[in-house]
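Visitor: I'm new to this. Please walk me through it in short steps.

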Amino acid sequence: MKVRISPDALSRAIALTGYDEATAIEYLNEGFRRAIRTSEFGYSFDCWQLTVKNGTITRFRKHRVKVGDIYVSTHAIERANERFRIPKKDAAEWLADQLNRATFVAVTQDDKGNLGRTYATDGIIIGMDMREQVITTVFPARISSLTLYKRIKWLTRLELRKVELKIKIAKALRLPTNHIEEMSREFKRIAYSLPVHSKIAR
């Protein structure tokens, strides 16, 4: 399906991609065919965001940066600069590096129903869109409620004690403990990696 292209969107595509007019038109049409719908009028492909109204591409802009195999949104770059004082020119690489060192925490859902993955590392929370595999935001990990923190701390310690007790019982009965010990190590690894648990499992 071909779409019409507004003169403004075409001139932006030529300026941003460096293509001649005919190649830019072909590129926009191919991009639209491959694009993922992100909102009522928004579509994205590769590093680009399209606005399409009444069958016409009215806007073309870069909305993410590619670092290796990871895409980083301009919003995430702005948040890294605003919240962590990372210069914008270095923010995409910094975010990709943080994601590579991070531990998966949970699948989350935003207020629009979009699913995402949440990762944590060294007091940093990273949000990633599941459909497009792009880092969408970053923010400092904070414990917003002391009561909640104490409850999580208590539950984590309780679960660790349960695992340790199972290992002791299995050893007393001379049963294999490899599986239980492996589970215990994995649980502790996850607990250590979460900012909210950073002092719990020690």
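**Salt bridges, strands and a pocket**

Guide: Start with Asp 90, which is partly exposed, at 34% relative accessible area. Buried means under 20%, exposed means over 50%, and partly exposed lies in between (1.4 Å probe, protein chains only).

Visitor: What should I know about the model before we go on?

Guide: This is a predicted model: local features need pLDDT of at least 70, side-chain atom pairs count only at pLDDT 80 or more, and totals for chains, interfaces and linings use all residues. Residues are numbered from 1 along each chain as its sequence is written, and side-chain values use heavy atoms, with hydrogens and water left out.

Visitor: Back to Asp 90. Which residue forms a salt bridge with it?

Guide: Lys 89 does, and the closest N and O atoms are 3.4 Å apart. A salt bridge here is a side-chain nitrogen of Lys or Arg within 4 Å of a carboxyl oxygen of Asp or Glu. Lys 89 is exposed, at 72%.

Visitor: How many salt bridges does the structure hold?

Guide: There are 6. Some share partners: Glu 30, Arg 33 and Arg 34 are joined into one network that way.

Visitor: How far apart are the closest N and O atoms of Glu 30 and Arg 33?

Guide: They are 2.9 Å apart. Both residues sit in helix α2 (residues 21-34), 3 residues apart, so about one helical turn separates them. Helices are DSSP runs of H or I with at least four residues, strands are runs of E with at least two, and both are numbered from the N terminus.

Visitor: Which residue does Arg 79 form a salt bridge with?

Guide: Glu 82, with the closest N and O atoms 3.1 Å apart. Arg 79 is buried at 19%, whereas Glu 82 is partly exposed at 43%.

Visitor: New topic. What is the strand order in the open sheet?

Guide: The order of its 5 strands is β1-β5-β4-β3-β2, with mixed pairing. The edge strands are β1 (4-5) and β2 (36-37), and each pairs on one side only. Two strands pair if DSSP finds at least two bridges between them.

Visitor: And what holds paired strands together?

Guide: Backbone hydrogen bonds, with strands running either parallel or antiparallel.

Visitor: Is β4 enclosed or exposed?

Guide: Largely enclosed by the rest of the structure, because 5 of its 6 residues are buried.

Visitor: What happens in the turns of these hairpins?

Guide: The hairpin of β3 and β4 has 2 residues between the strands, and Asp 46 in the turn has a positive phi of about 45 degrees. The β4 and β5 hairpin also has 2 residues between its strands. There, Asn 54 has a positive phi of about 50 degrees, although it is not a glycine. Asn 54 is exposed, at 73%.

Visitor: Where is Asp 122 found?

Guide: In the loop between β9 and β10. Asp 122 is exposed, at 57%.

Visitor: Last topic. How much space lies in the largest pocket?

Guide: About 820 Å³. Among its 33 lining residues, the closest to the centre are Asp 110, Asn 114, Asp 129, Arg 131 and Thr 136. A pocket is an open set of points on a 1 Å grid over the protein atoms alone, where a 1.4 Å probe fits, with protein on both sides within 12 Å along at least five of seven lines; lining residues have an atom within 4 Å of a point. The volume is the space filled by probe spheres set on the points, which are joined across faces, edges and corners.

Visitor: What classes of residue make up the lining?

Guide: There are 6 nonpolar, 18 polar and 9 charged residues. Ala, Val, Leu, Ile, Met, Phe, Trp, Tyr, Cys and Pro count as nonpolar, Asp, Glu, Lys and Arg as charged, and the others, Gly among them, as polar. Elements that each supply at least two lining residues include β4 (48-53), β5 (56-62) and α3 (74-84).
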